[in-house]
Amino acid sequence: MPTALRLHAPMALPCDATCSVVRDAVVDVDDTGRISYCGPRQGAPERPNDVIVRECGGILLPGLINAHAHSPMTLLRGMGADLPLLRWLNEVIFPAEARLRPSDVRAGMELGCVEMLRAGITTSAEMYFIAESMVEATLAVGSRAVLASAVIDTPALEALGGWRGAVEVIDRWIDADGLRFGPGERIELAYGPHSAYLLPPEALQTIGESAQQRNALVHTHVAETLAEDTAQREEYGSVPALLDKLGVLEGRVVAAHGVHLSDEDIELFARRGVGVAHCPGSNAKLASGTARLVELLAAGVPVGLGTDGPSSNDDLDLWEEVQLAGLFARTVTGDATALSARAALLAATRGGAEALHRDDIGALEPGRWADIVHLDVDNPAFATGLDAPDEQVMSNVVWAAGSRSVRDVWVAGEEVLNDREPTRVDRRTVQAAARTAAQHVRG
């Protein structure tokens, strides 16, 4: 394909398997929005005369992947902030969500997409209600999302025919529009069974079968807290064992949280290729614990990082999760080498793609979508300069830079953030709409 855009920067971090560092780097984007070259300028293909060239004075890297989020909950941020998970859900969140209208979900999702772009997150794996409004918001802002319509066995779904009706709606949507659609395939549809403790085994099995027939992702909460799945553990040993018995793990699955997994659960996930979305910030805030990240990675489980919802975290900044993942891994093991800076960065990029069973995002490699972030190095985090040794620069990226360094973002080769402002929507208008929606949801 002809090259449509060439980005040149002093450094690129392609997030290949070894997390290499490329100096005097070029990233070429073809006219379909995919990467055609990433490497040293000296080895770059000859540049066509009509190609757009952008000089970036910092670091280029793939867009971060938020492997577990409920982004429309930006509207609920700060509500019930000092409660444990189950009280927080039942006493605060579920009653507020009962008041949500489609326009509220769109407003909350647009705000979430803008917030994530400003943090360098180009893809988010969402689980929430009224997915049509989430699609509208995602496409309006220009982000990428894997959207799992939430399925819960609750009276609120009776209008749809209960959980069965909710699953049938997802089935028909995928059959009609395809698994992925939109410009640059920005939308992927998925199934979102909330959890084993809020759905009967029959529902989980039905969802697993529907998803496998369509090669769709199943996105579900697993072992977030010790108190949530007592009955399931007593009968089946663990939720992973239950999901395996029902055949759910035979397809594409990402398990959110995975805080309380046994050695047997981890081995099962590794054998079945189940991805885990590690959410250290939310799990710490809700006192749920921390996932066994080192053991998961050692077993070969694909692990990505997630923010969880912006009302349980309370933000959508994956750079914080990168740092917390490393800090907690080192604290729990007592080993300062437990998670290197390179491994932490890969978890937020390539690892997130692998956890979502995707090979078209998460790295600057030919054939993948050109979801690219430009880090500005004109700040104290990089005061020692990019001519420092690779390991020092990598350490600065992971431990010092943070979302404040994100300057520009491209999704499928289209610039959707320029100088920290979204290009498709007006940030202040989005914030005002979210404020109005939040007032309604609060009642």
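How many Å separate the centres of domain 1 and domain 2, taken over C-alpha atoms? I find 28 Å.

**Entry 1: what I am looking at.** This is a predicted model, in which local features need pLDDT of at least 70, side-chain atom pairs count only at pLDDT 80 or more, and totals for chains, interfaces and linings use all residues. I number residues from 1 along each chain as its sequence is written, and side-chain values use heavy atoms, with hydrogens and water left out.

**Entry 2: the division.** I looked up the domains, whose bounds come from an automatic or database domain assignment. Domain 1 covers 5–62 + 364–422, and domain 2 covers 64–356. In their contact (heavy atoms within 4.5 Å), I count 38 residues from domain 1 and 29 residues from domain 2.

**Entry 3: the buried area.** The size of an interface is often given as the accessible area lost when the parts come together. Here I take buried area as the accessible area (1.4 Å probe) that two parts lose on being put together, summed over both. Domain 1 and domain 2 bury about 2700 Å² between them, and 61% of that lies on carbon and sulfur atoms. Of the area that domain 1 buries against domain 2, Val398, Trp399 and Val411 supply 23%, more than any other three residues.

**Entry 4: charged pairs.** I count five salt bridges between domain 1 and domain 2, each a side-chain nitrogen of Lys or Arg within 4 Å of a carboxyl oxygen of Asp or Glu. I also looked up Glu414, which forms a salt bridge with Arg186; their closest N and O atoms are 3.0 Å apart.

**Entry 5: helix H14.** Helices are DSSP runs (H or I, at least four residues) and strands likewise (E, at least two), numbered from the N terminus. Among the elements giving two or more residues to the side of domain 1 that touches domain 2 is helix H14 (390–401). H14 gives the largest share of that side, eight residues. Within H14, I list Val393, Met394, Asn396, Val397, Val398 and Ala401 as buried, meaning under 20% relative accessible area (1.4 Å probe, protein chains only). The buried residues of H14 pack against elements including strand E1 (3–12), helix H11 (318–333) and helix H12 (341–348). Gly402 follows H14, with a positive phi near 70°.

**Entry 6: Ser149.** Why does Ser149 count as buried? Ser149 counts as buried because its relative accessibility is 14%. Ser149 sits in strand E8 (residues 144–151). Not counting residues up to four places away in sequence, I find Ser149 touching Tyr128, Ala131, Ile170, Trp173, Ala190, Tyr191 and Gly192.

Note on methods:
Buried means under 20% relative accessible area, exposed over 50%, partly exposed in between (1.4 Å probe, protein chains only).
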